[in-house]
Amino acid sequence: MVAGFRGTRHDVRGDEMTATGLACGSCGTELRAGDKFCHECAAPVVAAAKPAEYKQVTVLFADVVHSMDIAATVGAERLREIMAQLVDRATAVVKQFGGTVDKFTGDGIMAVFGAPLALEDHAVRACLAALGIQDETVRLGAEVKDRDGIDLRLRVGLNSGQVIVGEIGSSALGYTTIGEQVGMAQRMESVAPPGGVMLSESTARLVDGTTALGEPELVHIRGSDEPVRVRRLVAVSAQPGSIGPSGTRLRGRQWELNTVAAMLDRSVSGQGCVVGVAGPAGIGKSRLVREGAAIARGRGINVFSTFCESHASDVPFHVAARLLRDAAGITDLDHAAARAQVRARIGDAGDEDVLLLYDLLGIRDPAVAVPNIDPDARRRRLTALINSMSLARTAPAVYVIEDAHWIDEVSESLFADFLTVIPQTHSMVLITYRPEYRGALAQVHGAQTLSLAPLSDSETTALLDELLGSDPSVAGVKALIAGRAAGNPFFAQEIVRGLAERGVLEGERGAYICDADVADVSVPATLQAAIAARIDRLDADAKQTLNAAAVVGLRFTVELLAALGTDPVLDPLVRAELVDQVRFTPSAEYAFHHPLIRTVAYESQLKADRAALHRQLAAAIESRGAAVDENAALIAEHLEAAGDLRAAYGWHMRSGAWSQSRDVAAALVSWERAARIADVLPADDADRLAMRIAPRTRLCANGWRSHKPIAGKRFEELQDLCAAAGDRRR
Ligand SMILES: Nc1ncnc2c1ncn2[C@@H]1O[C@H](COP(=O)(O)OP(=O)(O)OP(=O)(O)O)[C@@H](O)[C@H]1O
Ligand SMILES: [Mg+2]
């Protein structure tokens with residue numbers, strides 16, 4: 001017999017236990033705070049079952065078509081294997097969109113969106129998951145077709161409404177969902193066409209506006225005399241990123257969004273546009289771009305994107321190559337498959353040009369030498385190739401370049417070339433940056449710039465109403481937050497999250513109550529402080545994981561974290577919405593929920609701790625073996641951040657040598673960095689002089705090719721240094 005708590009799981013915290021008079025489920029004795037065993041009868045203490053409750057949810061049923069026939073063809077064992085793979089993939093998709101797999105039904109799965117955690121947009125998430133599951137099935141189906149010669153197809157049905165969720169009966173059955181709405185979801189699945197997704201009327205109503213649906217159809221379903229109206233799901237325009245668990249409705253920005261939509265129209269008609277979106281951190285640049293991208297996707301237009309990072313990834317080409325890889329559709333392919341795809345897409349380009357492009361995209365076959373072409377010619381040919389590809393493209397596209405204030409010089413100049421032909425294409429380019437950025441991408445000839453102002457008072461109030469709810473007890477806090485956030489939506493969100501974590505706000509998002517006196521409530525003064533306070537509340541393991549991740553970059557994998565000697569603890573970070581899982585297969589990948597969270601996590605670490613992580617990371621990247629030269633600049637960055645200046649110098653020089661034949665601008669960056677490191681070495685370092693001379697020699701030999709007056713200054717320095725070396729030798 002085990003002891004149980006009377007009350008909900010919420011009660012299982014610290015001193016609340018005695019305060020609420022929790023009793024042993026075995027002998028009834030009142031339990032003391034922190035008891036793991038009843039002090040009277042020694043029965044182990046376990047949390048009581050979560051009480052059943054009503055929730056608004058969307059239920060998803062996915063079932064394999066003709067599974068009996070498949071079993072007859074391939075045998076039960078192979079069917080089991082196929083089902084296991086399908087269920088794994090479907091489960092990953094469900095999780096990705098915040099749902100829970102309720103059960104395996106034998107031929108498929110049942111999943112729920114909106115329980116146990118309430119989700120405002122449960123229906124949209126379920127739609128995204130349904131389409132994602134169908135995509136996975138198509139992928140798996142192709143493999144199965146090759147191997148077993150059978151067609152693997154799935155029907156998916158969705159229905160939304162109120163259900164009862166909770167643990168039923170013995171705990172073996174676990175947490176589940178019951179109610180007539182569940183049955184209705186199953187009926188929707190049964191009337192879906194193979195490969196299709198069918199929505200009940202209630203789901204269709206909830207997702208109207210964010211999805212493309214087929215015409216209403218009347219169908220007969222079991223258990224109903226009257227035909228019911230259903231609609232087939234065709235596409236979803238909302239993007240997963242825009243519907244994070246905290247996703248709030250877009251407030252204001254109508255004029256900006258209309259402008260983006262108008263620019264999109266103009267682009268599609270053949271007068272491609274470049275739109276810059278400028279504004280301080282957290283004001284809503286990325287959000288506006290996501291909304292714009294959703295409009296484009298809703299019209300069947302492809303969106304390709306890349307992002308820049310604040311440090312450690314300031315590596316030539318990365319940002320540009322990421323966009324090109326996305327546009328070529330090779331992000332998830334292995335190198336050989338990626339090369340085949342690129343080859344097929346660029347039609348009649350010459351072999352040498354194709355090899356140059358493979359090299360730029362980082363998918364070169366190591367067994368094939370890169371053509372020995374002068375780097376200037378190489379740059380011209382690559383630019384011509386990329387521009388002619390973009391001119392030849394008749395299907396409209398949207399290219400997104402996020403956070404240009406962190407762009408590396410080489411990507412910046414590649415993009416500047418790329419943007420020159422955009423007005424003659426059917427494509428639109430959206431570029432976000434903070435106001436301090438004055439580089440080439442902020443000064444594109446003919447570009448439209450949208451400078452985002454703070455939200456108005458009424459827009460901020462509407463946002464806070466949505467976050468906090470309308471209980472009279474939160475009115476004071478609402479005014480306090482509105483005043484502090486000053487129209488910055490991210491700041492407002494972070495303050496609310498922080499207050500909820502501190503327990504100042506109780507209840508759920510959108511329905512908080514506040515018992516505290518407003519005069520006693522402290523609110524962080526800056527957005528950075530709000531984030532820092534939330535990070536501080538993490539327990540040690542989670543914080544360590546976040547810190548290590550911040551050193552890796554905006555996106556990171558569990559493997560890399562493990563290579564840094566951390567035992568990654570990600571669940572609390574995902575729950576606190578500090579990071580999001582952005583990829584499930586083939587291996588899990590996470591991303592910071594917002595770039596600023598990464599910046600704060602990075603900057604709040606002790607320099608010595610951070611340095612150790614940078615050093616380990618450099619070693620981890622180096623030990624991966626493949627593409628060490630390509631990663632030389634990245635390794636150098638990490639070593640420099642670790643304070644290992646001599647080692648960093650060596651890698652900068654190696655990176656310069658690697659880039660020299662590829663892109664002079666990139667090589668110059670590396671040698672400049674090496675020169676700067678050599679300059680700050682201790683004066684009594686015996687190698688200092690030689691180390692100062694070596695990169696300057698390279699800079700002078702190649703600098704004339706760049707359009708900057710590097711060579712002149714460096715040449716004089718080189719003369720002086722050589723003279724000094726000569727003196728020394730004498
Ligand atoms: N107009 C808006 N209405 C409601 N929420 C918004 C609005 N604009 C932004 N948000 C929310 O505020 C948060 C911050 O916005 P966003 O990430 O777009 O900022 P940003 O300007 O890109 O910041 P950074 O410069 O740091 O990248 C996001 O959660 C976003 O969904
Ligand atoms: Mg942003």
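Predicted model: local features only at pLDDT ≥ 70, side-chain atom pairs only at ≥ 80, totals over all residues.
1. The buried residues of α5 are Q181, V182, M184, A185, R187, M188 and E189.

2. Helix α2 (residues 67-74) and helix α3 (residues 76-96) have axes that come within 7 Å and cross at roughly 125°. Angles from 65 to 115 degrees count as roughly perpendicular and those over 145 as roughly antiparallel, so α2 and α3 are oblique to each other. On the α2 side the contact is made by I70, A71 and V74, which meet A76, R78 and L79 of α3. By class, this contact of α2 with α3 has five nonpolar residues, one charged residue and no polar ones.

3. For helix α11 (residues 351-361) and helix α12 (residues 375-392), the axes come within 10 Å and the crossing angle is roughly 90°. The two helices, α11 and α12, are therefore roughly perpendicular to each other. D353, L356, L357 and L360 are the α11 residues in this contact, and they meet R378, R381, L382 and L385 in α12.

4. Ligand 1 is surrounded by 24 residues, of which the closest are G284, K285, S286, R287 and F490. Three helices, α8 (285-298), α16 (489-502) and α21 (595-603), each supply at least two residues of the shell around ligand 1. By class, the shell around ligand 1 consists of nine nonpolar, nine polar and six charged residues.

5. H66 is a residue other than glycine with a positive phi, near 55°. H66 is placed in the loop between β3 (53-64) and α2. With 15 other C-beta atoms within 10 Å, H66 is partly exposed, because a buried residue needs 20 or more such atoms and an exposed one has 12 or fewer.

6. E577 also deserves a look in the backbone: its phi is positive, near 60°, and E577 is not a glycine. The loop that holds E577 runs between α20 (571-575) and β20 (579-583). E577 has 17 C-beta neighbours inside 10 Å and therefore counts as partly exposed.

Technical notes
Residues numbered from 1 in each chain as written. Chains lettered and ligands numbered in written order. Helix = DSSP H or I, 4+ residues; strand = E, 2+ residues; numbered from the N terminus. Axes fitted to C-alpha atoms, helices over the stretch in contact; angles between N-to-C directions. Parallel < 35°, antiparallel > 145°, perpendicular 65-115°, else oblique. Contact = placed C-beta atoms within 7 Å. Near = placed C-beta within 6 Å. Nonpolar A, V, L, I, M, F, W, Y, C, P; charged D, E, K, R; others polar.
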